[in-house]
Amino acid sequence: MIIADMHTHSAFSGDSEVPIETQLEKAIALGLKHYCLTEHEDLYYPETVDDSGNSINIFKLDLPDYLNKINKLKTAYKNKINILTGIELGLCERALPEYKKLINEHNFDFVIASVHLIDGFDPYYPEFWLYHDRKAAITRYFEIMLEMITKFTDFDALGHLDYIFRYIRDEAGNPTDGHYSYREYADLIDPILMKIIELDKALEINSAGYKYGLESPNPRSKVIKRYKKLGGKKITIGSDGHQPEHLAYDFDKCETLLKELEFDGYYIYENRKPIKINF
């Protein structure tokens with residue numbers, strides 16, 4: 001059984017209302033031994049208007065409060081579960097200098113680098129697909145990812161490499177099943193895989209792909225297989241869970257898949273150092 005969930009969220013992220021304690025209790029009940037909180041820090045995410053009419057970035061993390069809360073919980077739960085302090089950085093050009101400063105000033109166990117925006121727009125929202133060509137958006141997404149991890153390298157794992165396929169819509173604006181051909185995008189994906197191998201970073205296996213009804217995690221199995229063939233060794237496993245019922249989501253499927261691809265374990269990170277856990 002996989003005993004570590006390395007990508008989770010709570011009410012400190014703008015897309016969750018669940019207290020950290022609720023998430024921790026569920027993680028303990030599931031038998032997890034290591035639990036990493038990786039709250040969103042997406043600087044320059046498009047602002048929305050709150051109930052008072054103020055423009056806000058829902059993915060701007062209250063970092064002092066977050067870190068203070070985790071430090072207290074590490075003490076309270078020290079005999080129950082290993083709590084790891086993480087962060088998920090939503091990479092975009094304007095934010096990179098601020099992210100470098102943030103990482104230098106704070107002690108994290110684990111840093112996920114993710115791309116959520118395509119030139120300022122999030123493909124999560126259905127209206128994105130009304131104004132963007134499907135193939136062009138996918139191409140641009142992968143181009144941005146490679147550019148970002150070339151310019152910003154102070155991270156530990158690349159999060160949900162094919163995030164865009166969770167939310168993709170067809171030309172009529174209808175949801176699709178997220179299926180795509182690795183071969184069709186190999187010339188875009190392979191340089192990303194080679195870059196994280198060159199940087200000695202981990203590839204995240206994000207089980208939320210199963211939650212969204214896809215046939216595999218993010219990234220899909222052929223991409224993980226290609227990563228291994230290219231020489232990739234480090235894998236982290238995360239549920240991207242924003243609710244208790246989504247923690248460790250379909251981790252049994254992830255374990256089966258990784259064993260089929262001849263991985264003999266996965267990694268957690270403490271103090272930014274990789275620690276291997278064998279199957």
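## Close-up views of a predicted model

**View 1. Cys36, a buried cysteine.** Cys36 has a relative accessibility of 0%, so it counts as buried. Keep in mind that everything here comes from a predicted model. Looking across the structure for disulfides, you'll find zero. Cys36 is in none, and the nearest cysteine sulfur, that of Cys254, sits 16 Å away.

**View 2. Cys254, seen from the other end of that gap.** Here the closest cysteine sulfur is the one in Cys36, and at 16 Å it is too far for a bond; a disulfide needs the two sulfur atoms within 2.5 Å. Cys254 is buried too, because its relative accessible area is 0%.

**View 3. His116 and its polar partners.** His116 belongs to the loop between β6 (110–114) and α4 (134–151). The His116 side chain makes a polar contact with the side chain of Asp42, at 2.9 Å, and another with the side chain of Glu88, at 3.2 Å. Leaving aside residues up to four places away in sequence, His116 also touches others, including His40, Gly90, Phe121, His160 and Tyr163.

**View 4. A nonpolar patch made of tyrosines.** Tyr124, Tyr125 and Tyr212 make up a nonpolar surface patch of about 280 Å². Of this trio, Tyr212 lies in the loop between α6 (208–211) and α7 (221–229). With a relative accessible area of 34%, Tyr212 is partly exposed, since that label covers values between the 20% limit for buried and the 50% limit for exposed.

Definitions and conventions. Residues are numbered from 1 along each chain as its sequence is written. This is a predicted model: local features need pLDDT of at least 70, side-chain atom pairs count only at pLDDT 80 or more; totals for chains, interfaces and linings use all residues. Side-chain values use heavy atoms; hydrogens and water are left out. Helices (H or I, at least four residues) and strands (E, at least two) are DSSP runs, numbered from the N terminus. A polar contact is a pair of N or O atoms within 3.5 Å; within protein, one must be able to donate a hydrogen and the other to accept it, and residues adjacent in sequence count only if both atoms are side-chain atoms. Contact means heavy atoms within 4.5 Å. Patches are made of residues with over 30% relative accessible area and no salt bridge: like charges are joined within 9 Å, nonpolar side chains (Val, Leu, Ile, Met, Phe, Trp, Tyr) within 5 Å. Accessible areas come from the Shrake-Rupley method with a 1.4 Å probe; for residues, only the protein chains shown count as cover. A salt bridge is a side-chain nitrogen of Lys or Arg within 4 Å of a carboxyl oxygen of Asp or Glu. Buried means under 20% relative accessible area, exposed over 50%, partly exposed in between (1.4 Å probe, protein chains only).
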